[in-house]
Amino acid sequence: MEVAYYPGCTLKTHAKEFEKAAMEAYKAIGIELKELDKWYCCGTVYSLAKDNIMYKVASIRNILNAQKEGFDYLVVLCSMCYNTLKQAQEFIKDESNLARIKAFMDEEEYKGIEVLHGLELLKDKMEEIKKTVKKPLGKKYAAYYGCTLLRPKSIAIDSYEKPAIMENLIEALGGIAVEWPLKNECCGSYNIITNREAVVERVYHIIENARRNGAEAIVTSCPLCYFNLKECQKDVKKHYPGFEEMPLYYYTELMNEAFDGKFDKGENNKES
Amino acid sequence: MLLEKVEEISGENLYACYQCGRCTAGCPMTGEMDLMPNQVILAILRNDERVLNAKTPWVCAQCYQCGVRCPKNVDIAKIMEALREIKLRSNVNYIDLKKINRSYPQIAIVATMRKFTG
């Protein structure tokens with residue numbers, strides 16, 4: 001199966017390992033992620049102001065372009081891009097909204113292309129995934145969804161309070177998924193730039209909670225959650241002596257590991 | 001009046017709020033806030049313009065936890081956005097873009113530009 005794939009800026013820079021692992025992992029279960037010939041930055045955060053049309057244009061253009069390339073589904077791996085593109089898709093499903101936005105662009109009609117997150121593609125593939133596993137993971141993992149895969153409700157890839165896709169994936173890969181309450185809690189997101197200390201505090205609570213609930217590592221699909229959790233652990237150590245670092249993985253890295261791919265985990269995770 | 005402006009930009013009915021505080025209970029950023037999310041709504045309902053100088057809307061990370069847990073379906077994230085927009089549209093940027101450290105991931109930088117500058 002071939003699906004259109006929208007990478008977004010961060011998967012080409014800070015989160016290269018996420019993309020690289022995804023290409024291999026999805027291929028192993030028969031899914032070819034075909035990068036769009038043409039794509040732009042989605043805008044990262046969806047504008048919530050009713051009258052702010054301009055901030056929605058980039059996302060909508062990306063969706064309509066993917067449709068022009070002949071695809072029914074547009075798969076996104078970055079959680080933030082997913083959120084922005086999916087909300088934009090919901091927005092243009094309403095024809096009066098699309099009409100308003102067309103004053104600013106030449107693109108054609110919306111014919112119903114669906115934005116999907118990479119995890120959604122795995123929902124019905126668990127049996128295939130189990131069969132592909134060569135090296136069961138064994139360890140205990142906390143699935144960390146963060147905000148953008150689950151909220152607002154209209155775009156949630158799973159139950160917004162009790163999601164299970166990532167847990168099911170971890171179990172299918174031979175790992176143990178721990179139950180913990182902060183799986184859908186925000187890491188502080190872009191506050192990392194304007195209010196780093198606040199994010200450090202969030203990261204401490206999130207990681208400690210995962211640990212107290214038995215996790216040995218955290219799994220995510222959001223490059224900003226990944227960055228914040230990874231980067232801020234050093235700061236956490238300064239504030240909370242005795243704090244032990246916890247390894248982080250993109251879910252695609254875990255898939256590769258269990259599939260026994262030759263994938264190199266990347267610099268960020270060389271056995272911490 | 002402040003209330004009308006907020007309603008116009010957010011599209012939300014603030015009078016639906018009955019001050020139960022679930023938005024505040026679920027908010028991950030309250031530790032950094034000077035006004036709790038439910039207090040922000042109350043201040044807007046009273047047309048108290050001091051809320052425009054509160055730190056709260058600038059700490060909101062648009063995680064939507066408040067909105068999904070609101071029993072009255074008030075999307076508080078949209079209200080926070082309206083407060084930011086009112087400020088940014090008066091030609092006041094919340095941060096100086098030139099001072100942003102560019103080693104951060106693009107998603108963080110672009111989000112910062114969109115949420116903190118007009």
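## Chain B at a glance

From the N terminus on, the elements of chain B run α-α-α-α-α-α-α. That makes seven helices and zero strands, where helices (H or I, at least four residues) and strands (E, at least two) are DSSP runs numbered from the N terminus. This is a predicted model, in which local features need pLDDT of at least 70 and side-chain atom pairs count only at pLDDT 80 or more, while totals for chains, interfaces and linings use all residues. Residues are numbered from 1 along each chain as its sequence is written, and chains are lettered from A and ligands numbered from 1 in the order in which they are written.

How big is the box that the C-alpha atoms of chain B fill? Along the principal axes it is roughly 45 × 30 × 25 Å.

## Inside chain B

Of the 118 residues of chain B, 46% count as buried. A residue is buried if 20 or more other C-beta atoms lie within 10 Å of its own, exposed if 12 or fewer, and partly exposed in between, with C-beta atoms placed from the backbone. Among contacts in chain B with a separation of 6 or more, 59% join residues 24 or more positions apart; two residues are in contact if their C-beta atoms, placed from the backbone, lie within 7 Å.

Let's look at one residue, M33(B), in the loop between α2 (22-26) and α3 (37-45) of chain B. M33(B) counts as buried because 20 other C-beta atoms lie within 10 Å. Leaving aside residues up to four places away in sequence, M33(B) touches K55(B), T56(B) and V59(B).

## Where the chains meet

The contact between the chains takes 34 residues from chain B and 36 residues from chain A. On the side of chain B that touches chain A, two or more residues come from each of α1 (2-10), α5 (65-69), α6 (76-88) and α7 (106-116) of chain B. The largest share, ten residues, comes from α7(B).

## The core of chain A

The largest nonpolar core has 122 residues, of which L74(A), V76(A), V219(A) and L229(A) touch the most other members. Such a core is a set of buried Ala, Val, Leu, Ile, Met, Phe, Trp, Tyr and Cys residues joined through C-beta atoms within 7 Å. Helix α10 (residues 223-239) of chain A gives the most to this core, with seven residues. Domain 1 (2-120) and domain 2 (125-269) of chain A both contribute, so the core lies between them; the domain bounds come from an automatic or database domain assignment.

## A covered helix and a sheet

Six of the eight residues of helix α7 (residues 165-172) of chain A are buried, among them I165(A), M166(A) and E167(A). What covers the buried residues of α7(A) includes α6 (126-132), β5 (140-144) and α11 (251-259) of chain A. After α7(A) comes G174(A), whose phi is positive, near 85°.

Chain A also has an open sheet of four strands in the order β6-β5-β7-β8, with parallel pairing; two strands pair if DSSP finds at least two bridges between them. β6 and β8 (248-250) of chain A stand at the edges with a single partner strand each, so one side of each is left without a neighbour in the sheet. β5(A) and β6(A) pair over two bridges, and I176(A) in β6(A) is the bridge partner of K140(A).
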